[in-house]
Amino acid sequence: MFNLKLLQKNKTVKYGIPMLLLVVGGSFGLREFTQIRYDSQKIRKRLDPSLEAKVNIQRQPVILEEEYEKLKEMNLDEWKNIRGPRPWEDSREYQEQQRRKLSNKD
């Protein structure tokens, strides 16, 4: 009985041991939660077998080369940069203004 009252008054037992349990237990808990997070990310990154068949990895460089050939055929000297409408502008009105400007320049 005497030892129990002495331990209850000791600051190390009263504050230190719960703090150590919180720190050590928290690190183990965080490890488990982060492991769950990384496992779920791995599952999400996996493709469906049907989608994976469509995304043929060996064919991708060929697709890039085809797109490059299409770009080579385009005439980029006559290309004009036209600004799109801002979110607060009416898109139809802005397009009409752009068309009028282009027709006046030609």
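R100 is partly exposed, its relative accessible area being 48%. In this predicted model, R100 forms a salt bridge with E96, and the closest N and O atoms of the pair are 3.9 Å apart. Both R100 and E96 belong to helix α5, where 4 residues, or about one turn of the helix, separate them. E96 likewise counts as partly exposed, because its relative accessibility of 43% falls between the limits of 20% and 50%.

**Helix α5 and Q98**

Helix α5 covers residues 91-105 and includes Q98. Is Q98 buried or exposed? Q98 counts as buried, because its relative accessibility is 16% and the cut-off for burial is under 20%. The side chain of Q98 also makes a polar contact, at 2.8 Å, with the side chain of Y94.

**The chain as a whole**

The protein chain contains 5 helices and 0 strands, and its elements follow the pattern α-α-α-α-α when read along the sequence. Of its 106 residues, 2% count as buried. The accessible surface of the protein chain amounts to about 11000 Å², and carbon and sulfur atoms account for 58% of that area.

**Salt bridges**

Side chains of opposite charge can pair when their charged atoms come close. How many salt bridges does the structure hold? The structure holds 4 salt bridges, including those in the table.

| Salt bridge | Closest N and O atoms |
|---|---|
| E67 with K70 | 3.4 Å |
| E69 with K72 | 3.9 Å |
| R100 with E96 | 3.9 Å |

Helix α4 spans residues 60-73 and contains both E67 and K70, which are 3 residues apart, about one turn of the helix. E69 and K72 also both lie in helix α4, with a separation of 3 residues, again about one turn of the helix.

**Helix α2**

Helix α2 comprises residues 11-45, and F28 lies within that range. Why does the end-to-end distance of α2 agree with expectation? At 1.5 Å a residue, the 35 residues of α2 should span 51 Å, and the end C-alpha atoms of α2 are 50 Å apart, so the two values agree. At the start of α2, a side-chain oxygen of N10 reaches to within 3.2 Å of the backbone nitrogen of T12.

**The annotated segment and the nonpolar patch**

Which residues does UniProt list for "transmembrane region"? The unreviewed UniProt entry lists residues 12-30 under that name. In the model, the span of residues 12-30 is 100% helix and 0% strand, and its end C-alpha atoms lie 25 Å apart.

The surface also carries a nonpolar patch of about 500 Å², made by M19, L22, V23, V24 and F28. One of these patch residues, F28, has a relative accessible area of 47% and is therefore partly exposed.

Technical notes
Residues are numbered from 1 along each chain as its sequence is written. This is a predicted model: local features need pLDDT of at least 70, side-chain atom pairs count only at pLDDT 80 or more; totals for chains, interfaces and linings use all residues. Side-chain values use heavy atoms; hydrogens and water are left out. Helices (H or I, at least four residues) and strands (E, at least two) are DSSP runs, numbered from the N terminus. Buried means under 20% relative accessible area, exposed over 50%, partly exposed in between (1.4 Å probe, protein chains only). A polar contact is a pair of N or O atoms within 3.5 Å; within protein, one must be able to donate a hydrogen and the other to accept it, and residues adjacent in sequence count only if both atoms are side-chain atoms. Accessible areas come from the Shrake-Rupley method with a 1.4 Å probe; for residues, only the protein chains shown count as cover. UniProt positions are given in the numbering used here, feature names are shortened, and annotations may be inferred rather than shown by experiment. Patches are made of residues with over 30% relative accessible area and no salt bridge: like charges are joined within 9 Å, nonpolar side chains (Val, Leu, Ile, Met, Phe, Trp, Tyr) within 5 Å. A salt bridge is a side-chain nitrogen of Lys or Arg within 4 Å of a carboxyl oxygen of Asp or Glu. The expected span of a helix is 1.5 Å times one less than its number of residues.
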